[in-house]
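Please examine the sequence and the structure shown below.

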Amino acid sequence: MSILVVTEQRDGKVKKASYEAVRTAAKIAGEMGTTVTAVLFGADEAAAKGMGGYGAAKTLHIADDRLNLYANGAYVKAVAQAAEKEGSDVVMMPATALGKDLAPRLAVRMDGAVAPDVTDISVDGGDITAVRPVYAGKALIKVKINSAKKVFTLRPNVFSAGEAGGDEAAVEAFAPELGDEDFVTKSTGTSIASGKLDVTEAVNIVSGGRGLQGPEHWQLVEGLAEVLGAATGASRAVVDAGWRPHAEQVGQTGKTVSPNLYVALGISGAIQHLAGMSSSKCIVAVNKDKDAPIFQVADYGIVGDVFEVVPALTEELKNHIGS
Amino acid sequence: MNIFVCVSHVPDTTTKVQVGGDGKAIDPAGVTYILNPYDEYAVEAGLQLKEARGGEVTIVCVGPDAVKETIRKGLAMGADKGLHVVAAEPRDSFGTAKAIADALKDRAADVVFCGRQSIDYDGWQMSGLLGEMLSIPSVSVAAKLDIAEDGSFTAERDIEGGQETITSKLPAVISAQKGLNEPRYPKLQGIMQAKRKPIEDVEPVPYENRVEVLEMSKPPIKEAGKIVGEGPDAVKELVRLLHEEAKVI
Ligand SMILES: Cc1cc2nc3c(=O)[nH]c(=O)nc-3n(C[C@H](O)[C@H](O)[C@H](O)COP(=O)(O)OP(=O)(O)OC[C@H]3O[C@@H](n4cnc5c(N)ncnc54)[C@H](O)[C@@H]3O)c2cc1C
Ligand SMILES: Cc1cc2nc3c(=O)[nH]c(=O)nc-3n(C[C@H](O)[C@H](O)[C@H](O)COP(=O)(O)OP(=O)(O)OC[C@H]3O[C@@H](n4cnc5c(N)ncnc54)[C@H](O)[C@@H]3O)c2cc1C
């Protein structure tokens, strides 16, 4: 009966997006008179207990070395077995790279369907309804899953994880039954730039566009990002020009982000760029053209030259944060 | 190699989306439809595989008659033939995948390429749905792909902060991410030839949508914010506003 939440960790640390999912599921479960069971692959007992702080009553802790790296077949089987064991009809997980890959296979395995990348979820007359952006955020659809089994992936950074508090989760060791055939498709390793925040996981983002005039000026973007503890992003124009890697591209054909603060430097605000960032909580734009479309979505704008404004802004923020 | 490439028929990225009369989908009036941008990488991947290993590339699309023009765009790039699952009524992602899986199940596909995401419903789920329905491996968001002679392959998929290397083996469904290749432009000759390439129509099994759209709306319009000022002099006031008003620093 409980709502199952698939959580993720990296290097033993549970991802923030997973806590957001647990917290959100706990709210829904509360309204439906049930509880949340978290499924945790790897990490330690403390992390498993810690799910309680975000509202999980129980954690199924899977300690199986074969699952340290992602293998979609095995993960699907493990989660489907967990759902079966808990009698869970509803499974939630963050819409991360892993969640987006896992959710559809899981939904088919459970004979259900997925509502992907939702930004709002609630209980309406006993049914769960969810809102998800479509057409790159140009429209929203409110959906209901009519099959008995339902899978939801939750867009990171949209739901609040809240502060940890409350009881520890009851931890139960769970050993899914897996065979070699479940590992035909598997990760053999990851390469993750150390210390570099991904735009989809960052609380703040500073992005640069063609207004920066060349890759050699990126220390302006990076300097400001550093003071704000922000990830660096980019427009497609600068990615296409080879100034920045595609992993940093924000927009319709890049990444969709919803940070607390998005700073756009020398970005015009083309519709495809806005598609990726207009749901940011606070948008700041610096552009020398007062008619640039970015100012139509920006909460605060400065009309000016990035080469003058950004150093002054970085300095002012240093003073502000220092004090 | 028997290669299939799934393509979707989507509104151009500059479309100004308006909600249609039923309040559940967009108003198609005046919308220009294109081959989904990610599917260009998928078609290119199929063509390159055929060029390296021989075989045939079939473009697959589920939708009403109008999607034939999108199938022809894939044919114009160089694919051999089309497979049109003629679904007049809109289907959700599960139903679309089901229609494709039913159409492919007896066709001995070696590989099925998709795009990472269809830019209409932004589901990012087709490769996983299809892989599971066809009981074959799936790898999503592949930015690199290397298929060996024996059908085993290595893919790199984009994950938060980096890449993940995946190994698997054909037959499989693989969804393409930007960076996988440089899609070719159709040449005039290709466009002419595409008109004569065969497109087979198949009827899908009737299906009741599992995901029901209750309503479609436009996101709340953000009011244009304030221009704090001009040049570096405005910086002090901006920082004050970010701290006191927006409370983000
Ligand atoms: C199918 C498709 C998909 C796309 N997907 C994306 C996407 O995912 N993401 C994306 O970003 N774009 C995307 N685009 C491209 C998009 O249309 C724009 O071309 C791109 O966003 C422009 O990047 P930009 O703002 O950096 O450059 P420009 O539009 O050239 O803007 C540069 C801005 O910098 C300002 N500027 C110049 N010098 C200075 C200075 N010294 N100080 C301050 N300001 C200055 C200018 O006033 C201008 O507003 C896509 C396009 C298509 C067709
Ligand atoms: C709730 C819901 C309601 C819908 N309502 C409508 C509607 O009213 N009108 C309408 O026209 N469509 C509708 N659709 C269908 C939609 O247009 C898509 O074709 C389909 O659902 C896949 O969407 P997705 O975003 O999940 O695909 P994704 O998983 O993002 O697509 C990934 C890849 O799958 C392949 N693919 C996607 N769609 C197709 C297709 N149709 N044929 C072949 N390959 C494909 C492409 O390779 C694509 O790059 C609806 C979908 C949903 C989920």
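**The site of ligand 1**

The shell around ligand 1 is made up of 6 nonpolar, 16 polar and 5 charged residues; Ala, Val, Leu, Ile, Met, Phe, Trp, Tyr, Cys and Pro count as nonpolar, Asp, Glu, Lys and Arg as charged, and the others, Gly among them, as polar. The model is predicted: local features need pLDDT of at least 70, side-chain atom pairs count only at pLDDT 80 or more, and totals for chains, interfaces and linings use all residues. Residues are numbered from 1 along each chain as its sequence is written, chains are lettered from A and ligands numbered from 1 in the order in which they are written, and side-chain values use heavy atoms, with hydrogens and water left out.

**Surroundings**

- Chains A and B both contribute residues around ligand 1, so the site is shared between chains.
- Of the 27 residues around ligand 1 (a heavy atom within 4 Å), those that come nearest are A:R210, A:S235, A:T253, A:S268 and A:Q272.

**Oxygen atoms of ligand 1**

- An N or O atom in the side chain of A:Q272 is 2.7 Å from an oxygen atom of the ligand.
- For the side chain of A:N287, the corresponding distance from an N or O atom to an oxygen atom of ligand 1 is 2.8 Å.

**Cysteines**

- Over all chains, the structure holds 0 disulfides, a disulfide being a pair of cysteine sulfur atoms within 2.5 Å.
- B:C6 is in no disulfide, and the nearest cysteine sulfur, that of B:C114, is 4.1 Å away.
- B:C6 counts as buried because its relative accessibility is 7%; buried means under 20% relative accessible area, exposed over 50%, and partly exposed in between (1.4 Å probe, protein chains only).

How values were computed. A polar contact is a pair of N or O atoms within 3.5 Å; within protein, one must be able to donate a hydrogen and the other to accept it, and residues adjacent in sequence count only if both atoms are side-chain atoms.
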